[in-house]
Amino acid sequence: MGMFQPHSLLWHYLWVAPNLLLAVLGAVLWRRGLHKRLRVFLIYAWFEAVQWAVLYSIDLVASIPAVDFWRVYWSSVLLESMILFFLISEIFADVFGSYAALARSGRVLIRWGGALLLIMATVVAAYAPIDNRVWLVSASHILQEAMYVVVSGLILMLFAAAAYFRLTWKHATFGIALGLGISACIHLATWAVMANSQLSNSGRALLDLLNMATFHVAVLIWFYYLLVPQKVATKIAVSLPENNLAVWNRELERLLQQ
Amino acid sequence: MTLAIVLVIAAALSLVVILWAAVSRSLQVSKHAGLASQIQPLDVEAFRNLADPAEDDYLRRRLPASEFRRVRRARLRALAAYVQMVGRNAAVLVRIGQDALASSDPATAEAAAQLVNQALLLRHHAALALVRIYGAMAWPNSNLPAAPLLDGYRQLSVAAMLLGRLQNPAAPVRISVW
């Protein structure tokens with residue numbers, strides 16, 4: 001059996017390791033008393049770990065029919081999308097909430113942006129074919145694709161708005177958003193291919209591995225940003241410049257001559 | 001399959017934007033030294049003239065329609081350049097204000113918070129104003145109220161002066177030519 005096939009050593013590692021690491025990260029954050037500040041992220045981390053434990057067990061037990069796996073999978077993705085939406089809302093509130101001038105804009109952005117992305121996701125889902133013998137398999141692929149249209153779109157809006165307004169991120173919030181963003185973009189691409197094209201089994205297995213590897217990278221990013229202390233950059237207060245007197249004089253002359 | 005290709009391209013572009021934001025965030029620290037020199041003094045009188053509806057009305061009355069449209073578009077292009085400068089100055093002041101937020105002096109920290117909020121609001125208004133200016137270029141006869149932007153810039157200038165005085169009482173600070 002090749003390394004890039006389902007149930008290979010690599011496949012087991014990539015499914016088990018990131019989820020276990022995420023559960024450990026959740027426990028460490030709890031012990032450090034960060035559960036109040038990162039409440040939704042903690043819920044997300046433990047949800048992912050529980051989702052993995054259930055799905056991995058079902059996958060290994062041969063007596064459980066495949067359709068049951070897809071039933072559980074489909075329901076868990078639905079729940080995961082809701083938790084992700086709450087997590088992204090919390091990130092938006094954290095980034096924009098510190099600035100009174102932008103707090104309202106942040107709320108408007110996530111509401112209207114979210115609504116627009118939801119419409120886009122619905123259109124994308126409506127165009128995807130249901131071509132699997134078991135409709136739940138196709139439905140799960142389409143649900144994942146639609147979910148990542150919304151998630152990656154929201155994260156993109158968040159990064160673009162923060163860059164445009166030159167907002168300062170909190171170290172932990174930035175790490176969570178970065179991990180989510182990278183993971184969401186790769187997942188969007190892979191699920192779009194899986195939901196809209198006739199791939200061979202080996203092709204699907206490769207994309208599955210890519211998804212799992214990306215999630216592993218995201219978990220490592222979260223480990224770094226949530227557990228490694230931020231380097232304290234000595235911020236030198238930049239003094240505002242004296243005005244250029246030559247420019248003032250020139251403009252004054254121009255005004256007097258008018 | 002076409003949809004899949006479109007989504008893969010969109011995902012790749014989004015990933016590039018997110019990674020660019022991550023890299024530029026880490027590079028921001030090293031760029032702080034040159035921040036103040038990035039502020040460009042703004043000729044507010046010229047700005048006010050370009051945004052003045054009375055000037056536009058005067059030109060509309062005096063010029064033939066086609067000539068007026070040509071002149072109005074030229075004025076709008078100049079106005080767009082001023083608004084972009086306002087937006088850029090606001091962005092620089094956001095960062096300068098953010099650096100001063102951690103000041104141990106409560107008055108300086110308060111002035112910095114005020115500067116950051118006003119600069120953010122102004123950058124927001126500048127973005128909206130640019131959209132309206134480009135819209136007005138397509139329909140040169142439409143009105144373009146720019147008063148909020150001028151008022152915002154005046155308030156921002158006052159906030160910047162306040163912070164500048166608190167940081168360095170000896171140096172006069174202005175970011176515009178009144």
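The following legends describe close-up views of a predicted model.

**View 1. Overall make-up of chain A in the predicted model.** Chain A contains eight helices and zero strands, and its elements follow the order α-α-α-α-α-α-α-α from the N terminus on. Of its 258 residues, 33% count as buried. Among contacts in chain A with a separation of 6 or more, 72% join residues 24 or more positions apart.

View 2. Helix α4 of chain A covers residues 100-127. The buried residues in α4(A) are A:Leu102, A:Gly106, A:Ile110, A:Ala121 and A:Val124. Within chain A, the buried residues of this helix pack against α3 (66-97) and α5 (135-164). They also pack against two helices of chain B, namely α1 (2-27) and α5 (106-138).

**View 3. The loop position of A:Val61.** A:Val61 lies in the loop between α2 (39-60) and α3 of chain A. A:Ser75 is 14 residues away from A:Val61 in sequence, and the two C-alpha atoms are 19 Å apart in space.

**View 4. The largest nonpolar core.** This core has 93 residues. The residues with the most contacts inside it are A:Val151, A:Ile155, A:Leu158, A:Leu188, B:Leu93 and B:Ala119. Helix α6 of chain A (residues 171-196) gives the most to this core, contributing 16 residues. From chain B, at least three residues are drawn from each of domain 1 (1-28) and domain 2 (39-177). Leaving aside neighbours within four places in sequence, A:Val151 is in contact with A:Leu84, A:Ile88 and A:Ala184.

**View 5. The crossing of helices α5 and α6 in chain A.** The axes of α5(A) and α6(A) come within 8 Å and cross at roughly 145 degrees. The crossing of α5(A) past α6(A) is left-handed. On the α5(A) side, residues making the contact include A:His141, A:Tyr148, A:Val151, A:Ser152, A:Ile155, A:Leu158 and A:Phe159. On the α6(A) side, the contacting residues include A:Leu180, A:Gly181, A:Ala184, A:Cys185, A:Leu188 and A:Trp191. A:Val151, A:Ile155, A:Leu158 and A:Leu188, listed in this contact, are also among the residues with the most contacts inside the largest nonpolar core.

Terms used. Residues numbered from 1 in each chain as written. Chains lettered and ligands numbered in written order. Predicted model: local features only at pLDDT ≥ 70, side-chain atom pairs only at ≥ 80, totals over all residues. Helix = DSSP H or I, 4+ residues; strand = E, 2+ residues; numbered from the N terminus. Expected span 1.5 Å × (residues − 1). Buried ≥ 20, exposed ≤ 12 C-beta atoms within 10 Å, placed from the backbone. Contact = placed C-beta atoms within 7 Å. Core = buried A, V, L, I, M, F, W, Y, C linked by C-beta atoms within 7 Å. Domains from an automatic or database assignment. Axes fitted to C-alpha atoms, helices over the stretch in contact; angles between N-to-C directions. Left-handed = near helix turned anticlockwise from the far one by under 90°.
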